[in-house]
Amino acid sequence: MRFRALGAVAAAQNWQAVSTNSTWHCGAYKTHKVSGNVKFKVCAVINGSRYGQAVLVVQNAASVAVSIGGAVSSNFGSNVDCASSTLNAGFTRGCLAPTVRVGNESIFVVAGRLRLNGVDDWYYDTECYVP
C-alpha cells in the first residue's frame, strides 16, 4: 500500500515574459558560470505610487533550451523562490517577487540566485536610488 505525503508547500513563482520601462532599475547582465550564452540580472521595479517588487531576469542566447530556477530577494521585503522551468533558446523571462509597499524608501537593494542546469550562480546586491 502506498501513502501519499500531505502537507502545505509554498508555491514557487513561475517565470513570465518581461519588458522593462522607466520604473525598472536593473543591474547589468551577468554571464552565468555554466554558459556564456545565458545571462541574468536583478531589478527593482518601483512605481510612482511607491509600490515595488524584486525581479530576476534571465536571457537565453544559446541554441538549445536550458533548465532554470532560483530566487530573488530585496531589502524592502519583496522576496520569492523561482520555480524550476525550461527556458527555450532565444527567450527572456522574469521571476517576479510579490509587490509590496515601499513607502518613502529611496535606496533599494536586490540580489538573486540563478540555478542553470543544476548549478547555482549569484547576482550579488544591485543597489539603485529612486527619489
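**Stop 1: Ser74**

Select Ser74, which sits in strand S5. This is a predicted model. Is Ser74 buried or exposed? Ser74 counts as buried because its relative accessible area is 14%, and the cut-off for buried is under 20%.

Now show the side chain. Ser74 reaches with it to the backbone nitrogen of Ser78, at 3.0 Å. Next, display the surroundings of Ser74. Neighbours within four places in sequence set aside, Ser74 is in contact with Ala54, Asn79, Val109 and Val110.

**Stop 2**

Select strand S5, residues 66–74. Its pairing with S6 is antiparallel and runs over six bridges. Val66 faces Leu87 of S6. Ala71 faces Asp81, again in S6.

Follow the chain from S5 to S6. The two strands make a hairpin, with five residues between them. Pick Gly77 in the turn: its phi is positive, about 90 degrees.

**Stop 3: the four-stranded sheet**

In what order do the four strands lie? The order is S6-S5-S9-S10, in an open sheet with antiparallel pairing. Colour the edges next: they are strand S6 (80–87) and strand S10 (119–129), each of which pairs on one side only. Neighbouring strands of the sheet are turned against each other by 20 degrees on average, direction ignored.

**Stop 4: the nonpolar cores**

Show side chains in the largest nonpolar core, a set of 26 residues. Which members touch the most others? They are Trp15, Leu56, Val58, Ile68, Val72 and Phe108. Now colour by element. Strand S3 (38–46), strand S4 (51–60), S5, S6, strand S9 (107–116) and S10 each give two or more residues to this core. S3 provides the largest share, five residues.

**Stop 5: two loops with positive phi**

Select Arg50, in the loop between S3 and S4. Arg50 is not a glycine, yet its phi is positive, about 70 degrees. Its relative accessibility is 15%, so Arg50 counts as buried.

Move to Asn117, in the loop between S9 and S10. Asn117 is also a residue other than glycine with a positive phi, near 50 degrees. How accessible is Asn117? Its relative accessibility is 47%, so Asn117 counts as partly exposed.

**Stop 6: the whole chain**

Zoom out and switch to cartoon. The chain has zero helices and 10 strands. Read along the sequence, the pattern is β-β-β-β-β-β-β-β-β-β.

Along its principal axes it spans about 60 × 40 × 20 Å. The radius of gyration is 16 Å; a compact globule of 131 residues would come near 14 Å, so the chain agrees with that expectation.

Of the 131 residues, 43% count as buried. Finally, turn to contacts between residues at least 6 apart in sequence: 58% of these join residues at least 24 apart.

Technical notes: Residues numbered from 1 in each chain as written. Predicted model: local features only at pLDDT ≥ 70, side-chain atom pairs only at ≥ 80, totals over all residues. Heavy atoms only, no water. Pairing = 2+ DSSP bridges. Axes fitted to C-alpha atoms, helices over the stretch in contact; angles between N-to-C directions. Core = buried A, V, L, I, M, F, W, Y, C linked by side-chain atoms within 4.5 Å. Buried < 20%, exposed > 50% of the residue type's maximum accessible area, 1.4 Å probe, protein only. Polar contact = N/O pair within 3.5 Å; in protein donor to acceptor, adjacent residues only side chain to side chain. Contact = heavy atoms within 4.5 Å. Rg over C-alpha atoms; globule rule 2.2 N^0.38 Å.
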